[in-house]
Amino acid sequence: MSDVVVQIEGLHKSFGDHHVLKGIDLTIHEREVVCVIGPSGSGKSTLLRCVNMLEQPSAGRVWLLGTEVTDPEVDLDEVRTHVGMVFQQFNLFPHKTVLGNLTLAQVKVLGRSRAEAEAVARRNLEQVGLADRADAYPAQLSGGQQQRVAIARALSMDPKLMLFDEPTSALDPELVGDVLAVMRDLAKAGMTMMVVTHEMAFARDVGDRVVFMDDGVVVEDGPAAQVITDPQTERARVFLHRVLHPTEVDDAELGQTDASRAAAASERGRGGHGHRPPRAGGYGAGGASPIKLTDH
Ligand SMILES: Nc1ncnc2c1ncn2[C@@H]1O[C@H](COP(=O)(O)OP(=O)(O)OP(=O)(O)O)[C@@H](O)[C@H]1O
Ligand SMILES: [Mg+2]
């Protein structure tokens with residue numbers, strides 16, 4: 001079909017004898033926003049990286065915009081010019097201004113003139129709300145502003161697909177909302193997006209589809225609101241419950257005695273479980289609100 005942007009068939013990936021992706025099939029159509037959720041280590045980043053061949057799949061095939069990128073003969077650089085990628089770390093050049101960061105690849109890779117590249121850059125800075133920071137250096141910006149610069153830089157290459165890998169998880173809570181708002185605008189403007197995220201409210205409200213991964217397989221793939229609020233599998237239910245109610249006592253986990261329950265609750269209060277506190281709550285209005293998915 002001509003409107004297929006990403007097609008993944010039977011994708012496997014192993015690192016040595018560690019079998020990480022165990023047969024993934026996934027299709028993303030033009031203008032679709034697909035959010036990928038799942039426990040740490042389930043293979044979300046690896047899947048995203050296999051889409052533009054930052055990781056070489058062990059088996060299976062991947063097509064991007066109709067071109068098979070798993071074909072050894074393919075011109076990967078050409079295909080990748082159509083794909084923007086935004087990571088948890090912003091990866092801006094520290095010695096270049098914001099404008100310099102945004103124009104570099106446009107000139108070097110797309111062959112645009114400096115004037116044209118600057119015009120495109122300024123347009124995209126405007127879109128992410130940073131028109132007045134073109135001459136700043138990355139170190140002079142907040143993490144949220146740097147991430148918006150990274151998004152503007154990706155957009156300046158006129159991508160047909162944007163890949164996001166937890167773009168807000170390195171940010172202070174109060175900076176998350178602005179970045180998610182930019183991503184929401186991008187989705188509204190019709191960008192095709194694949195977003196690995198722990199922001200469940202974003203996934204539910206902005207995603208067209210949510211893909212839940214666990215242990216290297218796609219366990220659920222369905223309409224965003226349905227997967228988030230009414231998951232069909234026990235694995236997804238358990239994951240979502242943990243993410244949405246991280247402080248709730250889990251009987252199975254804690255055993256039955258009041259003493260062990262209290263001890264575990266106290267351990268949890270100290271962050272003893274070691275997983276990131278998810279921010280399923282607000283985006284757009286600061287993002288620092290407590291986790292209450294239903295309160296939007
Ligand atoms: N380059 C690598 N070499 C070896 N093992 C790797 C490599 N990249 C990932 N892995 C392993 O593959 C598994 C899946 O990792 P991946 O980063 O895809 O998980 P994830 O779902 O993105 O997790 P998180 O939510 O913590 O980001 C993990 O066990 C990880 O240790
Ligand atoms: Mg990851």
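Predicted model: local features only at pLDDT ≥ 70, side-chain atom pairs only at ≥ 80, totals over all residues.
Let me begin with the ligand, where helix H1 gives the most residues to the shell around ligand 1, namely 3, helices (H or I, at least four residues) and strands (E, at least two) being DSSP runs that are numbered from the N terminus. Residues are numbered from 1 along each chain as its sequence is written, chains are lettered from A and ligands numbered from 1 in the order in which they are written, and side-chain values use heavy atoms, with hydrogens and water left out.

Ligand 1 is surrounded by 14 residues, and the closest are Ser40, Gly41, Lys44, Ser45 and Thr46, where a residue counts as near a molecule if one of its heavy atoms lies within 4 Å of it. By class, this shell holds 3 nonpolar, 8 polar and 3 charged residues; here Ala, Val, Leu, Ile, Met, Phe, Trp, Tyr, Cys and Pro count as nonpolar, Asp, Glu, Lys and Arg as charged, and the others, Gly among them, as polar.

Turning to individual atoms, an oxygen atom of ligand 1 lies 2.6 Å from an N or O atom in the side chain of Ser40, and an oxygen atom of the ligand is 3.2 Å from a polar backbone atom of Ser42. For Glu166, the distance from a side-chain N or O atom to an oxygen atom of ligand 1 is 3.5 Å. Taken alone, ligand 1 exposes 640 Å², and the protein buries 62% of that, the accessible areas coming from the Shrake-Rupley method with a 1.4 Å probe. The elements that give two or more residues to the shell are S2 and helix H1, which spans 44–51.

Now to the salt bridges, each defined as a side-chain nitrogen of Lys or Arg within 4 Å of a carboxyl oxygen of Asp or Glu. A search of the whole structure finds 10 of them, and I will go through some of these in turn.

In one of them Lys22 pairs with Asp215, with the closest N and O atoms 3.1 Å apart. This pair links distant parts of the chain, since Lys22 sits in strand S2 (residues 18–29) and Asp215 in the loop between strand S9 (209–214) and strand S10 (217–223), 193 residues apart. Lys22 counts as partly exposed because its relative accessibility is 29%, and Asp215, at 45%, is likewise partly exposed; buried means under 20% relative accessible area, exposed over 50%, and partly exposed in between, with a 1.4 Å probe and protein chains only.

Asp158 and Arg112 form a salt bridge whose closest N and O atoms are 2.5 Å apart. Here too distant parts of the chain are linked, with Asp158 in the loop between helix H5 (143–155) and strand S7 (161–165), and Arg112 in the loop between helix H3 (98–108) and helix H4 (114–127), 46 residues apart. Asp158 has a relative accessible area of 41% and is therefore partly exposed, whereas Arg112, at 14%, counts as buried.

The side chains of Arg235 and Asp214 also meet in a salt bridge, at 3.1 Å from N to O. Arg235 lies in helix H9 (residues 234–244) and Asp214 in strand S9, so this pair ties together parts that are 21 residues apart in sequence. Arg235 is partly exposed at 39% relative accessibility, while Asp214 is buried at 18%. Finally, Glu32, Arg209 and Asp221 are linked in a network of salt bridges.

My last topic is the sheet. In general, strands of a sheet pair through backbone hydrogen bonds, either parallel or antiparallel. In this model an open sheet of 4 strands has the order S2-S1-S4-S5, with antiparallel pairing, two strands being taken to pair if DSSP finds at least two bridges between them. The edge strands, each pairing on one side only, are S2 and strand S5 (67–68). Strand S1 (residues 4–15) and strand S4 (residues 59–64) pair in the antiparallel sense over 5 bridges, and Gln7 has Trp63 in S4 as its bridge partner.

Terms used: Polar contact = N/O pair within 3.5 Å; in protein donor to acceptor, adjacent residues only side chain to side chain.
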